[in-house]
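User: Could you walk me through how to read this structure, one feature at a time?

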Amino acid sequence: PHSLLPQLVWNHISCRVGDKTLITPGGVLFDEVTPENLVMDSSNITANVIHDAVYAARPDVSAVVHLHTEASVAVSCLEQGFMCLDQNSAQFYGDMVACHEYEGLSTELSEQAQIARDLGDTACVLLMRNHGFCTCGSTIGEAWVRAWYFEKCCRLQLDCLQTGAAIHMPPTTAMEKAKPLYNDIFKAGRYEWPAIMRKWRKATGS
(Lines give C-alpha, C1' and ligand atoms only; values in the text may rest on other atoms or scores of the structure.)
Protein backbone atom coordinates (compact mmCIF):
# COMPACT_ATOMS: atom_id res chain seq x y z
CA PRO A 1 0.00 0.00 0.00
CA HIS A 2 0.94 3.65 -0.43
CA SER A 3 2.96 5.60 2.14
CA LEU A 4 3.92 2.78 4.49
CA LEU A 5 7.13 4.44 5.69
CA PRO A 6 5.30 7.30 7.48
CA GLN A 7 3.49 4.65 9.53
CA LEU A 8 6.88 3.72 11.03
CA VAL A 9 6.67 0.69 13.37
CA TRP A 10 2.94 0.63 14.10
CA ASN A 11 1.71 -1.67 11.33
CA HIS A 12 1.65 -5.41 11.87
CA ILE A 13 1.16 -8.64 9.93
CA SER A 14 0.55 -12.12 11.30
CA CYS A 15 -0.17 -15.65 10.11
CA ARG A 16 -1.16 -18.99 11.53
CA VAL A 17 1.49 -21.72 11.42
CA GLY A 18 -0.08 -24.94 12.61
CA ASP A 19 -1.60 -24.24 16.00
CA LYS A 20 0.56 -21.18 16.59
CA THR A 21 0.55 -17.60 15.30
CA LEU A 22 3.60 -15.70 14.09
CA ILE A 23 3.53 -11.89 14.05
CA THR A 24 5.87 -9.05 13.20
CA PRO A 25 7.81 -8.21 16.35
CA GLY A 26 6.95 -4.55 16.88
CA GLY A 27 9.53 -1.81 17.10
CA VAL A 28 10.83 -2.38 13.55
CA LEU A 29 10.01 -1.05 10.10
CA PHE A 30 8.50 -3.46 7.59
CA ASP A 31 11.74 -3.61 5.60
CA GLU A 32 13.57 -4.72 8.75
CA VAL A 33 11.33 -7.75 9.30
CA THR A 34 12.98 -11.11 8.63
CA PRO A 35 11.83 -14.70 9.19
CA GLU A 36 14.20 -14.84 12.16
CA ASN A 37 12.60 -11.96 14.06
CA LEU A 38 8.97 -13.05 13.75
CA VAL A 39 7.51 -13.83 17.17
CA MET A 40 4.45 -15.39 18.77
CA ASP A 41 3.83 -12.29 20.91
CA SER A 42 4.54 -8.81 19.60
CA SER A 43 6.16 -6.19 21.80
CA ASN A 44 3.25 -4.00 20.64
CA ILE A 45 0.33 -4.99 22.90
CA THR A 46 -2.21 -3.55 20.45
CA ALA A 47 -1.02 -6.00 17.79
CA ASN A 48 -1.65 -8.94 20.10
CA VAL A 49 -5.10 -7.68 21.11
CA ILE A 50 -6.29 -7.12 17.54
CA HIS A 51 -4.81 -10.17 15.82
CA ASP A 52 -5.67 -12.63 18.58
CA ALA A 53 -9.28 -11.40 18.51
CA VAL A 54 -9.55 -12.07 14.77
CA TYR A 55 -8.03 -15.55 14.94
CA ALA A 56 -10.17 -16.59 17.89
CA ALA A 57 -13.33 -15.51 16.06
CA ARG A 58 -12.50 -16.74 12.55
CA PRO A 59 -11.02 -20.22 12.06
CA ASP A 60 -11.12 -19.58 8.30
CA VAL A 61 -8.57 -16.78 8.62
CA SER A 62 -4.88 -17.68 8.38
CA ALA A 63 -3.36 -14.21 7.93
CA VAL A 64 -4.12 -10.68 9.13
CA VAL A 65 -2.69 -7.36 7.93
CA HIS A 66 -3.27 -4.25 10.06
CA LEU A 67 -2.37 -0.84 8.62
CA HIS A 68 -2.84 2.88 9.31
CA THR A 69 -2.40 4.17 5.77
CA GLU A 70 -3.41 7.78 5.15
CA ALA A 71 -6.37 7.15 2.87
CA SER A 72 -7.83 4.35 4.99
CA VAL A 73 -7.59 6.39 8.19
CA ALA A 74 -9.28 9.32 6.44
CA VAL A 75 -12.12 7.06 5.27
CA SER A 76 -12.42 5.58 8.77
CA CYS A 77 -13.11 9.13 10.00
CA LEU A 78 -15.91 9.78 7.51
CA GLU A 79 -19.44 9.30 8.82
CA GLN A 80 -20.39 7.48 5.61
CA GLY A 81 -17.42 5.13 5.95
CA PHE A 82 -16.17 3.12 3.00
CA MET A 83 -17.90 3.42 -0.38
CA CYS A 84 -17.67 0.88 -3.20
CA LEU A 85 -17.19 3.10 -6.23
CA ASP A 86 -15.22 1.16 -8.82
CA GLN A 87 -14.37 -2.26 -10.18
CA ASN A 88 -11.61 -2.89 -7.62
CA SER A 89 -14.05 -2.23 -4.78
CA ALA A 90 -16.44 -4.97 -5.90
CA GLN A 91 -14.42 -7.42 -3.81
CA PHE A 92 -15.40 -5.36 -0.75
CA TYR A 93 -19.06 -5.02 -1.64
CA GLY A 94 -21.88 -5.73 0.81
CA ASP A 95 -20.93 -7.76 3.86
CA MET A 96 -17.23 -7.89 3.03
CA VAL A 97 -16.40 -4.74 5.04
CA ALA A 98 -17.31 -4.50 8.73
CA CYS A 99 -16.79 -1.55 11.08
CA HIS A 100 -15.42 -1.41 14.61
CA GLU A 101 -16.01 1.72 16.69
CA TYR A 102 -12.95 3.43 18.17
CA GLU A 103 -12.38 2.45 21.81
CA GLY A 104 -9.04 4.18 22.31
CA LEU A 105 -5.67 2.45 21.98
CA SER A 106 -6.33 -1.28 21.73
CA THR A 107 -4.55 -2.32 24.92
CA GLU A 108 -7.43 -3.97 26.77
CA LEU A 109 -8.32 -7.64 26.28
CA SER A 110 -11.94 -6.68 26.89
CA GLU A 111 -12.02 -5.08 23.41
CA GLN A 112 -11.44 -8.44 21.74
CA ALA A 113 -15.03 -9.62 22.14
CA GLN A 114 -16.34 -6.51 20.37
CA ILE A 115 -13.77 -6.83 17.59
CA ALA A 116 -14.93 -10.41 17.04
CA ARG A 117 -18.61 -9.41 17.02
CA ASP A 118 -18.02 -6.55 14.63
CA LEU A 119 -15.93 -8.61 12.21
CA GLY A 120 -18.61 -11.27 11.98
CA ASP A 121 -18.46 -14.41 9.86
CA THR A 122 -18.08 -13.01 6.36
CA ALA A 123 -16.08 -9.77 6.29
CA CYS A 124 -12.57 -9.74 4.84
CA VAL A 125 -11.96 -6.14 6.01
CA LEU A 126 -12.48 -4.58 9.42
CA LEU A 127 -12.56 -0.80 9.11
CA MET A 128 -11.50 0.45 12.53
CA ARG A 129 -13.10 3.85 13.04
CA ASN A 130 -10.69 6.77 13.55
CA HIS A 131 -7.84 4.27 13.49
CA GLY A 132 -7.12 2.19 10.36
CA PHE A 133 -8.10 -1.25 9.10
CA CYS A 134 -7.42 -4.98 9.08
CA THR A 135 -7.66 -7.35 6.15
CA CYS A 136 -8.06 -11.09 6.56
CA GLY A 137 -7.15 -13.93 4.24
CA SER A 138 -6.58 -17.65 3.97
CA THR A 139 -2.96 -16.85 3.04
CA ILE A 140 -0.53 -13.99 3.62
CA GLY A 141 -0.72 -13.15 -0.06
CA GLU A 142 -4.49 -12.92 0.03
CA ALA A 143 -4.55 -10.67 3.11
CA TRP A 144 -1.74 -8.44 1.77
CA VAL A 145 -3.22 -7.99 -1.69
CA ARG A 146 -6.61 -7.18 -0.15
CA ALA A 147 -4.88 -4.52 1.95
CA TRP A 148 -3.26 -3.06 -1.18
CA TYR A 149 -6.60 -2.85 -2.99
CA PHE A 150 -8.49 -1.53 0.03
CA GLU A 151 -6.04 1.35 0.41
CA LYS A 152 -6.30 2.00 -3.34
CA CYS A 153 -10.10 2.10 -3.12
CA CYS A 154 -10.00 4.44 -0.11
CA ARG A 155 -7.71 6.79 -2.01
CA LEU A 156 -10.08 6.74 -4.99
CA GLN A 157 -13.01 7.56 -2.70
CA LEU A 158 -11.20 10.58 -1.29
CA ASP A 159 -10.21 11.73 -4.78
CA CYS A 160 -13.85 11.54 -5.92
CA LEU A 161 -15.16 13.38 -2.85
CA GLN A 162 -12.53 16.07 -3.28
CA THR A 163 -13.94 17.04 -6.68
CA GLY A 164 -17.22 18.09 -5.07
CA ALA A 165 -19.06 16.68 -8.08
CA ALA A 166 -21.92 14.20 -7.88
CA ILE A 167 -20.67 10.62 -7.73
CA HIS A 168 -22.04 8.05 -10.16
CA MET A 169 -22.54 4.91 -8.08
CA PRO A 170 -22.01 1.58 -9.87
CA PRO A 171 -25.20 -0.42 -10.45
CA THR A 172 -26.05 -2.80 -7.61
CA THR A 173 -26.63 -5.63 -10.07
CA ALA A 174 -23.15 -5.18 -11.56
CA MET A 175 -21.46 -5.16 -8.14
CA GLU A 176 -23.38 -8.25 -7.04
CA LYS A 177 -22.31 -9.98 -10.23
CA ALA A 178 -18.66 -9.02 -9.82
CA LYS A 179 -18.31 -9.71 -6.08
CA PRO A 180 -18.24 -13.55 -6.18
CA LEU A 181 -15.59 -13.52 -8.89
CA TYR A 182 -13.17 -12.09 -6.32
CA ASN A 183 -13.53 -15.33 -4.36
CA ASP A 184 -13.11 -17.37 -7.52
CA ILE A 185 -11.09 -16.65 -10.66
CA PHE A 186 -9.96 -13.21 -9.44
CA LYS A 187 -9.36 -14.19 -5.80
CA ALA A 188 -7.07 -11.70 -4.09
CA GLY A 189 -3.44 -12.72 -4.46
CA ARG A 190 -4.01 -15.46 -7.02
CA TYR A 191 -2.18 -13.54 -9.73
CA GLU A 192 -0.71 -10.57 -7.86
CA TRP A 193 1.20 -12.41 -5.13
CA PRO A 194 3.41 -14.51 -7.45
CA ALA A 195 4.27 -11.30 -9.33
CA ILE A 196 5.11 -9.54 -6.06
CA MET A 197 7.32 -12.48 -5.02
CA ARG A 198 9.15 -12.42 -8.36
CA LYS A 199 9.85 -8.71 -7.90
CA TRP A 200 11.04 -9.28 -4.32
CA ARG A 201 13.34 -12.15 -5.31
CA LYS A 202 14.82 -10.07 -8.12
CA ALA A 203 15.40 -7.13 -5.76
CA THR A 204 16.96 -9.25 -3.03
CA GLY A 205 18.77 -11.75 -5.25
CA SER A 206 17.15 -14.64 -3.38
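Analyst: Happy to; we will go from the overall fold to single residues.
Keep in mind that this is a predicted model, where local features need pLDDT of at least 70, side-chain atom pairs count only at pLDDT 80 or more, and totals for chains, interfaces and linings use all residues. Residues are numbered from 1 along each chain as its sequence is written, and side-chain values use heavy atoms, with hydrogens and water left out.

User: How many helices and strands does the protein chain have?

Analyst: Helices (H or I, at least four residues) and strands (E, at least two) are DSSP runs, numbered from the N terminus. Here the protein chain has six helices and six strands, in the order β-β-α-β-α-β-α-β-β-α-α-α along the sequence. The radius of gyration is 17 Å, close to the 17 Å of the globule rule for 206 residues, so the chain is as compact as a globular protein of that length. That radius is taken over C-alpha atoms, and the rule is 2.2 Å times the number of residues to the power 0.38. Along the principal axes, the C-alpha atoms fill a box of roughly 50 × 45 × 30 Å.

User: What share of the residues in the protein chain is buried?

Analyst: Burial is judged by relative accessible area with a 1.4 Å probe, protein chains only: buried is under 20%, exposed is over 50%, and partly exposed is in between. In this chain, buried residues make up 44% of the 206. The accessible surface, from the Shrake-Rupley method with a 1.4 Å probe, comes to about 10,800 Å², and 58% of that belongs to carbon and sulfur atoms.

User: And what do contacts and charges say?

Analyst: A contact means heavy atoms within 4.5 Å. Of the contacts with a separation of 6 or more, 70% are between residues 24 or more positions apart. For charge, Lys and Arg count as positive and Asp and Glu as negative, while His and the chain ends are not counted; each charge is placed at NZ of Lys, CZ of Arg, CG of Asp or CD of Glu. The chain has 16 positive and 23 negative side chains, with the centres of the two sets 10 Å apart.

User: How many aromatic pairs does the structure hold?

Analyst: Rings of Phe, Tyr and Trp (its six-membered ring) pair if their centres lie within 6.5 Å; planes under 30 degrees apart are stacked, over 60 edge-to-face, and the rest tilted. The structure holds six such pairs. One of them joins phenylalanine 30 and tryptophan 144, edge-to-face at 6.3 Å centre to centre and 75 degrees between the planes. Phenylalanine 30 sits in the loop between strand 2 (20-23) and helix 1 (45-57) and tryptophan 144 in helix 4 (residues 140-163), so this pair ties together parts 114 residues apart in sequence. Phenylalanine 30 is partly exposed, at 26% relative accessibility, whereas tryptophan 144 is buried, at 17%.
Another pair is phenylalanine 133 with phenylalanine 150, tilted, with 4.9 Å between centres and 50 degrees between planes. Phenylalanine 133 is in strand 6 (residues 132-137) and phenylalanine 150 in helix 4, 17 residues apart, and both are buried. These two also belong to one aromatic cluster with Phe82 and Phe92.

User: Which residues is isoleucine 196 in contact with, leaving aside its neighbours within four places in sequence?

Analyst: Those partners are Trp144 and Val145. Isoleucine 196 itself is in helix 6 and is partly exposed, with a relative accessible area of 33%. Its C-alpha atom lies 9.1 Å from that of glycine 141, 55 residues apart along the chain.

User: Where are aspartate 86 and proline 180 found?

Analyst: Aspartate 86 is in the loop between helix 2 (70-76) and strand 4 (97-100), and is partly exposed at 22%. Its C-alpha atom is 18 Å from that of alanine 74, 12 residues apart along the chain. Beyond neighbours within four places in sequence, aspartate 86 is in contact with Cys153, Leu156 and Met175.
Proline 180 is in the loop between helix 5 (172-178) and helix 6 (192-204).
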